[in-house]
Amino acid sequence: MSSVVPRFRSVARAIVSIAAAIGAATCAAGELPPASTRTVDYRRDVQPVLARNCYGCHGPQKQKGGLRLDRKAEALAGGGSGRAFEPGKSADSLLVQYVAGLDPDTVMPPKGDRLTPEQISLIRAWIDQGAAWPEESEAVATGPARAGSDHWAFQPVRRPGLPRLKDASRVRNPIDAFILANLDARGVEPSPEADRPTLIRRLALDLLGLPPTPAEVDAFVNDAEPGAYERLVERILGSPHYGERWGRHWLDLARYADSDGYEKDSPRPNAWRYRDWVIDALNRDLPFDEFTLQQLAGDLVPGADLGSRTGTGFHRNTLTNREGGVDQEEYRIRAVVDRVNTTGTVWLGLTVGCAQCHSHKYDPLSHKEYYGLFAFFNSEKEEDIPAPPLPFEIDAYRKAKETHDAEHARLVKAVEDHDKSVAGDKPDKDPVRVKLQKAVADHLKKAPAGPASKIPALAENAKPPKTHILIRGDFLRKGDEVEPATPAVLPLCSPEGKLTSRLDLARWLVDRGNPLTPRVTVNRVWHYLFGRGLVPTLDDFGTRGERPSHPELLDWLADEFIRLEWSQKALIRTIVTSSTYRQSSRARPDLADRDPTNIWLARQHRLRLEAEVLRDVNLAAGGLLSPVVGGPSVHPPQPSGISDLTYAGSARWVESTGADRHRRGLYTWFQRTSPYPMLMTFDAPDSNVCTVRRERSNTPIQALTLLNDSTFLECARGLGARVIAEAKGGTEDRVRRIVKLCLCREPSSEEAALLTRLHDKFAAQCRERPADAAKLLAGRKLAGTDDAEAAAWVAVARTVLNLDEFVTRE
Amino acid sequence: MDPIQDHIQQTRRHFLTSASSGVGLLALASMLRDDGLLAAEAGPSGLPGLPHFAPKAKSCICIYLEGAPSQVDLFDEKPRLRELHGQPLPESFTKNVRFAFLQKETARLLGSPRKFTPRGACGMELSDYLPHLGECADDIALIRSMHTEAFNHHPGQLMMNTGVPNFGRPSVGSWLNYGLGSASENLPGYVVLTAGRGTSGGASNWSSGFLPSNYQGVLFRNQGEPVLNLNNPDGLTGAMQEETIEALRDLNRVRRRTIGDPEINSRIAAYELAFRMQSAAPELIDLKGENRRTLDAYGVDRVDPSKGGRGGVGAGGGTGVFRQFAVNCLLARRMVERGVRFVNLFHASWDHHSDLDLELGFNCQMADQPVAALLRDLKQRGLLDTTLVIWASEFGRTPLGENRPGFKNVTGRDHHPFAFTLWMAGGGVKGGQVIGKTDELGWNVVEEPVHVNDFHATLLQLFGIDHKRLTYRFQGRDFRLTDVAGKVVDKLLA
């Protein structure tokens, strides 16, 4: 330690004098704080202090003066100046003397805050009590009273009392009390409630991912009875499209796709079974704790059935490499690693993946503990379980069977007819007959297979491989064997003191004593409804993540979620009925400097719609959207040449027909090596790893897509035709109609004038160029109007569908 | 917005648009920008503080030969390998080594029939399969000591293009545009061109990973519509498109006044750039302005030889690849001239497990002339100093012949991650030198090893970027192109 001191001596001196000058709670030079009298636990009391103050120079990355304090053997051995501490002799230990600053020229740490007297007395007590340093394995198995950390996210969830407000008139529920208390303290007024057209569009987009119809808008706008908003929320939460919208959020986490990934990228024709399971589970509001058990251990839950086992498809979405010559064990390990990391991100909000190769640099998670988590998943095997066929599969089979049987009958009859016509002997040697009989036999070989269905799932491997630490994450370099275990920094929550199965792990995740799962989950829901989490680093609640903007609100929501028995719909209802959610999204110039990113929530956020929702609102506006929920993934039109970019063009895109061309975006077949271009252009996740937060970029390629992609042009044609059919009162009437259809409101006079002028210009140009007008209409004729007028409205519709307001949730 | 300011803007706009319709729109964009009213620049702007130091390179053309061209047949002459042809490899070489397909117990060394000669003033030895490239030897820094971690194609491609053998990370072109921004007013900063069939990695090779999608590679097609959705719908005239863009701007500005969100300016800017791209991109791929000598130098009119490889069909990954590859090389130069930061040329089908001599010969015939022409053309136009040109692939090929079960004869080589060759030219690279050395068989690197992360660190260095300081926070971690490694190869720098 002393070898580094000269370099920092002057800094240290300055710090000491500053500390002395401001009377900070540091030690006076020349005396040591007394050793604490209580029993000291290394992981709870000492390690966090060392980690925060010492590891920077004496830890995994640097060992200044040859001293390393994060590992037992090295710490006991000491550094260039000798042993850092002598068990039983705290007053003689260099470590204590340096952190206490006995010699003003040799103070540790040389930069940053000094240790407090309380911390030093705990370190002294620890040394005097024998400097017990539990092995990591001991620490993992010591039962509920385990090692701690003073990091906020690891503390138990406590339901806070509600803050008192000067003016409680805007408080609809406790959420508002927390938000308003913070605004009050800053002297900031909240924004007024958004108008009703904005509210209904916001709710419909947030909860269903679909726009409201003009009739729904009118009904809500004209509902003068009290409770109109709450009734609207109930109606919307009851829609089957709710499961689609919130299911898509979950599928981002589940890295759902319809193909294997990697070079061969083979199709996964049954992957949608899991997707539909998610939609259904959300629609029936399966409580999140039960939902969790089925995601991670649906094969092990009591009374496991086909439904719960389908839930295990969550971890079947990992990539599969079928490239020639790959080492299967390497990619199996990669899949398990992905399962561990995804579980850590989704439930714990921790970057556990950092500990795959080495102990986590910032959070209390050791390399060994990573493989403790790994062991829960290492015993899994992939299994496609037979499932009763669905009605459409039976129908398809019946049709195929009928066709096949008819052909069979025809071929058999041909043999019979032949036999009748030829009255000779030895028919077996008759070449014509042989040929006909061969046709019968060949055809039989092509008989359609029964309507068998498979569901991708996970199950326990009868002979699970042993789990070893993988040194530097390399699957070929096995270290010590490890047992399944949860990280020591979190409570164990098991009366038996030991967790062994995936079911144990899943129960541990949703145990009342686990503070992370409810916090992380409510934060994600909050993010989906505001565009920003209370903890903006949705995937990092560790020490490197951002702290919550409203810690008490976060804890209130976490506790409330559990009180609501993990009902996601109830949680959403609570949030969307708050005044906070219902605020206008209008910018606040008064806060442009003070709160530019709207952390305080003195208004709602404006959010560009997600990729799938953009597709859906366009199809809806064009009157084309298919409302069918669930079923196999579909192949809507995509530009030619896209699937040619894959390995040997493996992903052939056979366009769907009929209504399947216009299904919601989440049903679009997702081929990992050639994803649907429109989705990728608008920041849909690549589905290779768990995605907790989508980007919302804004690019010229997006503009070109919305302007010119064939699907969006179809929508413009549909919308143009609708406007002409639904509004008969001339241009002014139609302008009002198109704005109502797309923006749920009336146009301002300025907007009406701009759109009318645009229409008139388009109409004039279309009249001058009838051939172009006909092309724009794709040869379609509209009743009651001429081509020029119809084409002009297609062009106006195309413009309106590109408006910033249309692609934005206000 | 202040109503008076707004009125001034309206008046200006009216003046500009009525003066001359096309120019008006373009002028407005720059005027709004000058007035600070456009939040977003034409392209994404770079990060503050970048470049970290004076850059040598401004643009990069990365020619990616997917499948792994054989270094011992093109770049790394091994007389000893020829002498030991047909012998087994000493066990010390293959111990603990995994192969994709090769059976190491019975595999035999495969000498190269190629003739290597010293080229240029520097005397760099190159294969007779690369006659044209040899003429550029003095501009090329040949790295014979590359090594990587992945020995399967897709992970290897991800390693070379994104720095790690996993999905989900941004590619080199995304990082460069994220850090430095785009230098083009009318074109995307990261363009991808392909010839022939697709690569194992598909679009993941030019993905922006966790970076916003505006940093992902934009795929240009070398014929027809150059960018997806670039063309207006049939029947929607250019005049109507201009009306549309203007109406969108006017209506969006009304909205901006109502809701007050300055982000709406970015939306307006994105539509204006899209509109400019609609004329810039077709102009870019239109080769009418190129003279005959240039076209011939690149060989854009070449047709695929009918007796190449397996006899034409299927060789080189499709039909017409000679023309496509040459056109792509020429387009790369045109893009660099127009400020595109990163041009990625992909050509798949260099995975020669069998018929190596024929197939590699076919591919080299396709690539050699246009790549050499590109280097000379850039040099002649004074662009080579600021344009980094890279010849890259995911790994190399084994000095052992491939004897996988089912192969009658040994006519190819397996995947080899331990030692392979890449080259760089221009953009601040010291040409006319060979970096690194492999052992007498070409199995392992024995001098100056260059890992893929080192290669990327050096690439960023040429652009004035400290690879350790270009980071992006994702899932709680600061990620960088070079992951947790990477050391700049100083010898490469001029």
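Visitor: How many residues from chain B and from chain A does the contact take?
Guide: Contact means heavy atoms within 4.5 Å, and here 77 residues come from chain B and 81 residues from chain A. This is a predicted model, in which local features need pLDDT of at least 70, side-chain atom pairs count only at pLDDT 80 or more, and totals for chains, interfaces and linings use all residues. Residues are numbered from 1 along each chain as its sequence is written, chains are lettered from A in the order in which they are written, and side-chain values use heavy atoms, with hydrogens and water left out.

Visitor: What is the area buried between chain B and chain A?
Guide: Buried area is the accessible area (1.4 Å probe) that two parts lose on being put together, summed over both; for chain B and chain A it is about 6,500 Å², with carbon and sulfur atoms giving 57%.

Visitor: How many salt bridges are counted between chain B and chain A?
Guide: A salt bridge is a side-chain nitrogen of Lys or Arg within 4 Å of a carboxyl oxygen of Asp or Glu, and the count between these chains is 6. One of the salt bridges joins A:Asp804 to B:Arg267, whose closest N and O atoms are 2.8 Å apart.

Visitor: Which elements of chain B supply at least two residues each to the side that touches chain A?
Guide: Helices (H or I, at least four residues) and strands (E, at least two) are DSSP runs, numbered from the N terminus; among those of chain B that qualify are α7 (153-162), α10 (263-285) and β16 (472-474), while α9(B) gives the most, with 16 residues.
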